[in-house]
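Me: I would like to learn how to read a few features of a protein model. Could we take them one at a time?

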Amino acid sequence: MHQIGRLASQRTVFFLCDVQERFRSAIYGFDELVSTINKTLKVAKVNLPISLGSPQMDNYTQVLNIPVIVTEQNPKALGSTAREIDLAALGDLHLGTVPKFAFSMMPCVKGLLDNRNIDSVVLFGIESHVCVLQTALDLLEQKYDVHILADGVSSCNREEVPIALARIQQAGGYVTTSESAAFQLQQTAESPQFKPLSQIIKEEKENTVKAVQKLVPFRSAL
C-alpha cells in the first residue's frame, strides 16, 4: 500500500545529527545549514499567544511542541554542537544531547523514543551520505516515517548530497524543506499556533532564501 507520510506534530520528533564545531570549516554551506537548524528549532517550540487556563489551551497545548534529540559524533575529538545552535531555548523539549561513535544515531538514542507515541522523524544535520543516511535507513527499517530537510543537510563534498537523498528516497524516506515541514506540522491557519508560526516564517524569510539557494540546487539526482 502506498504510504502518504503526513507529519502530525503530536507524533513527531526532530533529530539533529552531529552539527559540531570541528566541522565548521569543512562542511559546504555550514552557515546556511545552521540557519535552517535554528529556524526549525524555533518551529519546534512555537508558543501560543494566549494565557494558561484559557479555553483554547485545552485543545492546543501540545499541538506544536515537538521534542528534539541531538547527537554529537565523538565529541571529545570533534567538539560540541555549534555554538550558534540554541538548544537551551528548547527547555524540556530538548530530550538530550547524546555522544555517539556509530554513524547512525539510532543505537544511542533509541531509548529516548521508548514510551513515546512517535511515528515520524524529521532528520537534519551532517553528513548527508554518512550519518544522516545511516540514521534514515535504521529508522525506516524500524518502521518510522523519515522526513529529510533538503535545506537542512549537507556534507564536506556538496556532490554527495543529492546521491544520499536519492538513496533515502529509494528506501522510502521523504525529502522536503524546513518551511514545507513547518506548514505540514501546522496543518491549518485556523489554529492559535498559526500566528506565531507565520511570524517565524516571516522573520526567517531572508535566511530561508539563502539556505535554499545555497543547499537545494545541488539535489539534481532526486
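Reply: Begin with contact, which means heavy atoms within 4.5 Å. Helices (H or I, at least four residues) and strands (E, at least two) are DSSP runs, numbered from the N terminus. This is a predicted model, where local features need pLDDT of at least 70, side-chain atom pairs count only at pLDDT 80 or more, and totals for chains, interfaces and linings use all residues. Residues are numbered from 1 along each chain as its sequence is written, and side-chain values use heavy atoms, with hydrogens and water left out.

Me: What covers the buried residues of helix 4?

Reply: Buried means under 20% relative accessible area, exposed over 50%, and partly exposed in between (1.4 Å probe, protein chains only). In helix 4, the buried residues are Met106, Val109 and Leu113. Seen down the helix axis, they fall within an arc of 85°, so they line one face of helix 4; the arc is that of the directions from the helix axis to the C-beta atoms. Their cover includes strand 1, strand 2 (68-73), strand 3 (94-100) and helix 5.

Me: Which residues touch the most other members of the largest nonpolar core?

Reply: A nonpolar core is a set of buried Ala, Val, Leu, Ile, Met, Phe, Trp, Tyr and Cys residues joined through side-chain atoms within 4.5 Å. Here the largest has 27 residues, and Phe15, Leu123 and Ile148 touch the most other members. Elements giving two or more residues to this core include strand 1 (12-17), helix 4 (106-113) and strand 4 (120-126). Helix 5 gives the most, with seven residues. Apart from this core lies another, of 26 residues, among them Leu16 and Phe23.

Me: How many aromatic pairs are there?

Reply: Rings of Phe, Tyr and Trp (its six-membered ring) pair if their centres lie within 6.5 Å; planes under 30 degrees apart count as stacked, over 60 as edge-to-face and the rest as tilted. The count comes to one aromatic pair. Phe14 and Phe124 are edge-to-face, at 5.9 Å centre to centre with 75° between the planes. Phe14 lies in strand 1 and Phe124 in strand 4, so the pair ties together parts 110 residues apart in sequence.

Me: At what angle do the axes of helix 5 and helix 6 cross?

Reply: Axes are lines fitted to C-alpha atoms, for helices over the stretch in contact, and angles run from 0 to 180 degrees between N-to-C directions. These two axes come within 10 Å and cross at roughly 5°. That makes helix 5 roughly parallel to helix 6; angles under 35 degrees count as roughly parallel, over 145 as roughly antiparallel, 65 to 115 as roughly perpendicular and the rest as oblique.
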